[in-house]
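User: I would like a close look at a single part of this model. Please keep the account plain and give the cut-offs behind each term.

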Amino acid sequence: MGLYDKVKTWIGESPQWLGGDDRLLLIIFGALVGCCSGLAAVALNFSLHAMEGFFSSYRFHWYFFVLPGMGAALSSLFLEKIIQEGAGHGVPEVVYSVSRHGGLLRMRSMFSRLVSSSLTIGSGGSAGPEAPVVMSGSAIGSNIARFFSLNERQRIALVGCGSAGAVAGVFNAPIAGLVFTIEVIVGEWTALNIVPIAVASVAGAQISRLLQGNQIPFTHLHFDVDISTTLAAAGLAIITAAGCILLTRAIRKSHHVSGKVPVPLWVRAAIGGCIVGLVGLFLPQVLGEGYSVIQKMVEGSFTGGFALVLMLMLAKIAATSVTLGWGGSGGIFAPCLVVGSFSGLMYYRGIDALWPGLLQVNEGCFALLGMAGMIGGMLQAPLTAIFLIVEITGGYETILPLILVSVISTTVCHYFEPASFYFRDLIEKGYYLRPRTDAKVLADLRISELVEKDCISVPKNMSLGEFVKVVQQSRRNYFPVIDEITGAFAGMIHLDDIRPYLFDTLLHDTVFLEQIMTTDVETVDIDDDLSEVLSRMDVSGSFSMPVVTNQRFVGMVSKATLLDKYRKELMLQTTD
Amino acid sequence: MFEFAKCMNTDPGIVERWIRQGRIPVKRKGDVCVFNRDILEKWASAHNMRFVMSGSDPAAMAEKKSAGLLGAMKKGGVHYDVPGSSVSEVLRAAVDRIDGIQARDTRDLLYEKLLDREKMISTGIGGGVAVPHPRTPIQDENMDTLIAACFLKNPVDFHAVDKKPVELLFVLVAPSAKHHLHLLSRISFCLRDDSFLTFLKTRPEREVFFNRVAGFEKRLDQDEQQ
C-alpha cells in the first residue's frame, strides 16, 4: 500500500473517529494548501524582481517601449496556444468555479497565470501580480482536493485556503488573506470555512516570511491622525470612488475597443503593450506593478505637484485599462493601490493648496487612505480594504479615517456600479451564485430531480369513454396526450377542461381526445434551468408544466413538488 | 445507491449530488454508499429528514408481521375446550389462554375491550363462529398482531346474526386499524367457504388446521398479486 492509498484510506475513515466531522482534516489540508500557495506567491514575487532587475538597464533607451508589447504578446501566446485559457486576471474564474462547479479548477491553472502575468508585468505592463497568485493558489487547493477525492464542500474550502494563502503570502498580510477570501471568493461566513482558511492564511504568510523575511511592503513614518484627517477622509472617498468608476469603465471600454480590432489575440496584446510602453517613456511611474512608487508616496518623499500627480493617476488608469483590456495578463489589485495612492496624494495637495496648514498629518497618510478607498470601491469589499491597508503599511493609527474612506468609497461605487469589477461579468451571465441564496438552491436542483413520472399517457385517438376509465385509475389531474404511432407528445388534457363533457355519456363514443386536448402547451426541456422554468411559470400563471425532451413526454414539473424539494435543499444548504 | 436513496426517501440523482457536494455525511465507493448509521440518523433528524434503513421501518415491519393470517394464528395459538357458558365467561377464558401476551394488565385490558365491543353489537358472524376484537388498537409496544382460535367446550349463545350458538372464537388483536381490517377481511374470506366451516366443526388438530389456513392464504396472496 503506497502512501497515497494510506492517506486516502485515512481520509475515508477519519469522519468515523472524528464523530463524522472533517474539521481536523480540512485544517491539515488547509495548512498544506496555504504553504503551497504561499510558495507560489513568493515564486511570482521573485520572478518579477528578477525581470525588473534584468530590464532596468534597458529602461532608458527609446526603443524600450516595445518591451511591454513583447511581454504581453508572449503572455497572450502562452495562454492561448499552450495553456488554452482566456486572458484576464483569474478571480472571476475562481468565483465562477466555486459557485457553479464546486470549486473545480484545472491543474494547469496552478502555474499558467503565474507565467503569463510575470511576462506581462515583468516587461512593464501595468497590472498586478495578486489575482494571478490567487488563481494559482485556488487551483492548487482545488487539485489537492481532487487528488484526495474530497467532496465539493471540502474542495471549496480548500480553494478558499489557496486564495487566502496566496494573498497572505504576496502581501505578508494574513488577515487580509482571510477576509478577502471570505468576502470575495467564498462569500460565506461559517466556522467551517473560516477555520481552515485562517490556518491557510497563517501558513501562506509564514512561508513568505521564511523566504523573504518579515517585511512590511510599505513602511512609513509615524502619522499624527487628528479629527481633521478623519473628516477629510470622507471627501477623499468621493475622489477614490470616482477613480474606481473611471478605472472600471476604462477597462471595459478598452476591452470593447480591442475586441473590434481584427487581428489575432497576441498581436492585440502586443499593440496594447506598446501603447503602455509609449506612455511609460514619458511617465515611467505607471509601468509594472508600481510598488516602488507607492513606497515613495507613503514615505512622503514623492516630489511633483498637483498637476503631475493628477496626470500620473489618469495615465495609470489608462495604462492599466490598455494592458488588461488588450489581452495582457494580471490583476487589478496593484494598479488599484497605485491609483489609490495617487488620488490620495492629489487630494492632499489640492486641500493643502486651498487651505494651507489645515491638514497636520503627513501626505503619506493620504496616499495610504487613497489605497483603501480604491480597493474598497473596486472590489466592493470594504473589510478587505481596511485590513489589507492596515497590514501592508503597519499603520494601525490610521484606522479611523481608513474605515471611513473604505466604506464610503464602497457605498458610492455601489451606487454607480452595482456589481463589483470581479463579479460584473458573472452576474451578467447569471453565474454569480452565492451560497445560501435562492439562486444557488435553484441552480443546484435539476429538472430531472423534480419531474413527476406518475402521469398516465393517453393516445390521441382514444375515445372519451375509454378515457373516463383511465381517469378513474389516475390520481392526477393532468394527462399527456401522445401520438400513438410516433410516440411524440401531442398535447395535454386537464380534468378541469373536460369536466363538462365527462358525464355526458352521449359524447363518450363520439368525441376523441384529439378534439379536446390543449395543443398550445408550454413545455420545458429536462435540461432547462430551473430559475428560467420558474419565471416562465410565473408569466403564464401555471402551477405545473409538462417536461418534453426530444418530443417525448417525460413527466410533469410542478410548483408543489418544487416547494417540497426546494425546502429540503434550502435546509440542507443553510444548516451545518 | 438506489437502496440508499430509498432509505432517504428521495431520488437517487439527488442523493448522488448531495454526496458529491458533501452535504451529507456519506462516502461513495462506486455504487455503494458507506456511512455510519448513528451519525447519519443524527444528521437526518437535524435536517428534518427521514432516514430509515430497509427492515428497520416500524410501519413496514408491522406490515410484514401482520401480512400473514397464518403467522398471526400461529402467534395466537389454537386452543381446545375453552370453558364457559356466557359471553363474558368464554371471553375471559379465551383471553387467559391466548399465547403471545405477557403482561397480566394487557390481558385484563383486552378482556374489557372485547366485552365493550360485544355490548355494542355481537361479533358472531354466523355459522357458529365469532370474531371478538377490540374496537381500538391496544397501545402496547410488545403487542403483536395475533389471532387466537378458541374451540369452545360448550356452544354459547353469542346473539349472532344467524341466532346460532357459537362454537369457535377467533380473537383478533392488531396494532392498527389497517392491519385489523386486513386480517378481518382474510378471515371472512375463509369463512365464506362452506367446506371450511364443516372442516372447523370437526375441531381439527393444530397442524391440520394450520395447513388448511396456509392453503387459503396462498390463494389470497395470488389474488392480490394479480
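Predicted model: local features only at pLDDT ≥ 70, side-chain atom pairs only at ≥ 80, totals over all residues.

Which strands of chain B does helix 5 (residues 69-76) of chain B lie across, and at about how many degrees does this helix run to strand 6 of chain B?

Analyst: Residues are numbered from 1 along each chain as its sequence is written, and chains are lettered from A and ligands numbered from 1 in the order in which they are written.

Helix 5 of chain B lies across strand 6 and strand 7 of chain B, and runs at about 60 degrees to strand 6. Helices (H or I, at least four residues) and strands (E, at least two) are DSSP runs, numbered from the N terminus. Axes are lines fitted to C-alpha atoms, for helices over the stretch in contact, and angles run from 0 to 180 degrees between N-to-C directions. Two residues are in contact if their C-beta atoms, placed from the backbone, lie within 7 Å.

The sheet is open and has five strands of chain B in the order 3-6-7-5-4, with mixed pairing. Two strands pair if DSSP finds at least two bridges between them. At the edges are strand 3 (78-82) and strand 4 (124-126) of chain B, each of which pairs on one side only.

Strand 6 (residues 146-156) and strand 7 (residues 166-173) of chain B run antiparallel and are joined by seven bridges. Along this pair, Ala148(B) stands opposite Val171(B) of strand 7, and Phe151(B) stands opposite Leu168(B) of strand 7.

Strand 3 of chain B runs parallel to strand 6 of chain B, with three bridges between them. Here His79(B) has Cys150(B) of strand 6 as its bridge partner. In general, strands of a sheet pair through backbone hydrogen bonds, either parallel or antiparallel.
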